[in-house]
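Subject: Structure handover

Hello,

Here is the structure for you to look over. My notes come after it.

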Amino acid sequence: GPSNAEYLALIQLRINTFKAHNPDVDKKDIPSELVTASGSGLDPDISPQAALAQASRVAKSRNISINAVKDLIKQLTEKPLLGLLGPEKINVLKLNIELDNLN
């Protein structure tokens with residue numbers, strides 16, 4: 001559970017790892033989904049906030065502009081079903097394919 005010391009240590013380790021790779025992101029701005037995991041750990045989608053939190057690192061590693069990455073995130077954001085059901089999301093595979101197409 002959320003008060004389990006072992007779980008909290010694992011979350012802190014994930015935060016530290018994320019910060020090591022994304023030093024420009026403040027700890028308070030790290031979306032929780034990036035440091036926790038679903039039951040399977042295989043979710044194909046992330047939130048736009050999670051994608052944006054990684055945009056700078058992705059832009060640098062792919063040698064493209066951050067604006068190009070942000071534009072793709074905006075273009076590929078899927079709205080909730082009927083505008084009401086579920087959160088906004090981005091399919092990570094689709095985003096990576098489009099990023100590959102920029103190079």
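Predicted model: local features only at pLDDT ≥ 70, side-chain atom pairs only at ≥ 80, totals over all residues.

Residues are numbered from 1 along each chain as its sequence is written, and side-chain values use heavy atoms, with hydrogens and water left out.

Overall fold

The protein has five helices and two strands. These are DSSP runs numbered from the N terminus: helices are H or I with at least four residues, strands are E with at least two. From the N terminus on, the order is α-β-α-α-α-β-α. The C-alpha atoms fill a box of roughly 45 × 35 × 20 Å along the principal axes. There are 103 residues, and 28% of them count as buried. Buried means under 20% relative accessible area, exposed means over 50%, and partly exposed lies in between (1.4 Å probe, protein chains only).

Helix packing

Two packed helices are described by the angle between their axes and the distance between the axes. Axes are lines fitted to C-alpha atoms, for helices over the stretch in contact, and angles run from 0 to 180 degrees between N-to-C directions.

Helix H3 (residues 55-62) packs on H4 at about 125 degrees, with the axes 8 Å apart. H3 is therefore oblique to H4. The classes are: under 35 degrees roughly parallel, over 145 roughly antiparallel, 65 to 115 roughly perpendicular, and the rest oblique. The crossing of H3 and H4 is right-handed. A crossing is right-handed if the near helix is turned clockwise from the far one by less than a right angle, and left-handed if anticlockwise.

H4 also packs with helix H5 (residues 92-102), at about 140 degrees and with the axes 10 Å apart. That pair is oblique too. H4 passes H5 in a right-handed crossing.

Salt bridges

The structure holds six salt bridges. The criterion is a side-chain nitrogen of Lys or Arg within 4 Å of a carboxyl oxygen of Asp or Glu.

Asp 26, Lys 28 and Asp 29 are linked in a network. Lys 28 meets Asp 26 at 4.0 Å, N to O. Between Lys 28 and Asp 29, the closest N and O atoms are 3.4 Å apart. Lys 28 is exposed, at 67% relative accessible area. Asp 26 is partly exposed at 43%, and Asp 29 is partly exposed at 42%.

Another bridge joins Lys 79 and Glu 88, with the closest N and O atoms 2.9 Å apart. Lys 79 is exposed at 56%, whereas Glu 88 is partly exposed at 32%.

Nonpolar patch

Leu 81, Leu 82, Leu 84 and Leu 85 make a nonpolar surface patch of about 510 Å². Patch residues have over 30% relative accessible area and no salt bridge; like charges are joined within 9 Å, nonpolar side chains (Val, Leu, Ile, Met, Phe, Trp, Tyr) within 5 Å. Areas come from the Shrake-Rupley method with a 1.4 Å probe, and for residues only the protein chains shown count as cover. Leu 85 sits in the loop between helix H4 (66-76) and strand S2 (90-91). Leu 85 is exposed, at 53%.

Best wishes
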